[in-house]
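Biologist: Please take me through this model residue by residue, and state the cut-offs behind each term when you use it.

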Amino acid sequence: MKLKSVCSIFLLVVLLSAIVSTGIYLHGNGFFSAGNASGQKLPVILYHSVLPEEYCSKPAYRYETPLEDFRAQMQYLYDNGYTSIDSKQLVSFLYEKKDLPPKSILITFDDGFLNNLEFAYPILKEFGFHAVEYVITSYVGEQEELFQPGTKQFISREGMARCADVFEYQSHTYNLHRKVDGKKKNDPQQSLLTKETRETVLQDIRKSLELPLMRTESFAYPYGAYSQTVVSVLRELDFQYALTIKKQYVTQNTNPLLLGRFMLVQETTMDEFVEFVSGDYVAPKQ
């Protein structure tokens, strides 16, 4: 009896070692394999607000990208032959090992600000680009509002439908994009999402998917912060990939639930933007 137990444990250890060595990870009802990677690396860029410079906060608020800068960045992508992909293409890249078009890029926006539809949408449409909007769905109203400078406004169901030819909509929680006890300091570890119970996280994210037009391929962690509990909930709900704000490229070897992004902020220069999207960025040595 003891010999059978020892043999069973030995075989289990061998199996787990084989899985780890081949880069296979359990995901949902199946496996993600990091083997047979193509070598492609995908830049994922992140915006929050896009506003005409005269509407940007004074003093500057770093998560507002001046509209003029945004247009110049999209013009660069267009002039240099970049292809904006959608979530289905990224899932195929990660799980089926399908190559992406040359110079692919994933354009993302967090929080669901009305200014994304008011100002970014027409430019994206002009250049034929697709983008992913990560929505805090409890903030979404029914009808579109007129844009009012200096106020924090969020997208509506009407606006989502109107702009669905450019944007796809994915979850950024229902109502857990907050800091613990209302704390405002810039500390990702104070993300309420990472502090709540598993059941609370599960119910919140599940509720975020009830909004019409919401898709279920991906999730963006508020403040880029995650925990093992949150990751396990995403697996249970069968999300295919999730985004942090770690500055790194997406490859076919990357854990799909811990993908990186390049956040573009008010002080981002054009040289930095080009470095990010060209694949030339190298993280500083620790």
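Biologist: In which loop does Glu53 lie?
Modeller: This is a predicted model, in which local features need pLDDT of at least 70, side-chain atom pairs count only at pLDDT 80 or more, and totals for chains, interfaces and linings use all residues. Elements are DSSP runs numbered from the N terminus, helices being H or I with at least four residues and strands being E with at least two. On that basis, Glu53 lies in the loop between strand S4 (49–51) and strand S5 (64–66).

Biologist: Is Glu53 buried or exposed, or in between?
Modeller: Accessible areas come from the Shrake-Rupley method with a 1.4 Å probe, and for residues only the protein chains shown count as cover. Buried means under 20% relative accessible area, exposed means over 50%, and partly exposed is in between, with a 1.4 Å probe and protein chains only. Because its relative accessibility is 48%, Glu53 counts as partly exposed.

Biologist: Which residues form the negative surface patch?
Modeller: Lys and Arg count as positive and Asp and Glu as negative, with His and the chain ends not counted, and the place of a charge is taken as NZ of Lys, CZ of Arg, CG of Asp or CD of Glu. A patch is made of residues with over 30% relative accessible area and no salt bridge, joining like charges within 9 Å and nonpolar side chains (Val, Leu, Ile, Met, Phe, Trp, Tyr) within 5 Å. The residues that form the negative patch are Glu53, Glu54, Glu68 and Asp69.

Biologist: How many salt bridges does the structure hold?
Modeller: Side chains of opposite charge can pair when their charged atoms come close. A salt bridge here is a side-chain nitrogen of Lys or Arg within 4 Å of a carboxyl oxygen of Asp or Glu. The number of salt bridges in the structure is 11.

Biologist: What N to O distance is given for the salt bridge of Glu96 and Lys98?
Modeller: Glu96 is partly exposed because its relative accessibility is 47%, and Lys98 is partly exposed at 46%. Their side chains meet in a salt bridge with an N to O distance of 3.2 Å.

Biologist: How many residues apart in sequence are Glu168 and Arg215?
Modeller: Glu168 is buried at 3% relative accessibility, whereas Arg215 is partly exposed at 23%. The two form a salt bridge whose closest N and O atoms are 3.8 Å apart. Glu168 lies in strand S9 (residues 167–171) and Arg215 in strand S10, so the pair ties together parts whose separation in sequence is 47 residues.

Biologist: Which residue is linked with Glu168 and Arg215 in a network of salt bridges?
Modeller: The pair of Glu168 and Arg215 forms a salt bridge. Together with these two, the network of salt bridges includes Glu217.

Biologist: How many disulfides does the structure hold?
Modeller: A disulfide is counted when a pair of cysteine sulfur atoms lies within 2.5 Å. Cys56 is buried with a relative accessible area of 6%, and Cys163 is buried at 0%. The number of disulfides in the structure is zero.

Biologist: What is the phi of Tyr223, a residue other than glycine?
Modeller: Most residues other than glycine have a negative phi. Tyr223 is found in the loop between strand S10 (214–220) and helix H7 (228–236), and at 25% relative accessibility it counts as partly exposed. Its phi is positive, near 65°.

Biologist: What is the phi of Lys97?
Modeller: Lys97 is found in the loop between helix H3 (87–95) and strand S7 (104–111). Its phi is also a positive value in a residue other than glycine, near 60°.

Biologist: What separates the C-alpha atoms of Phe219 and Thr173?
Modeller: Phe219 has its place in strand S10 and is buried because its relative accessibility is 0%. Although Phe219 and Thr173 are 46 residues apart along the chain, their C-alpha atoms are separated by 8.1 Å.

Biologist: How far apart in space are Ser227 and Thr194, C-alpha to C-alpha?
Modeller: Ser227 has its place in the loop between S10 and H7 and counts as buried at 17% relative accessibility. Ser227 and Thr194 are 33 residues apart in sequence, and their C-alpha to C-alpha distance is 5.6 Å.

Definitions and conventions:
Residues numbered from 1 in each chain as written. Heavy atoms only, no water.
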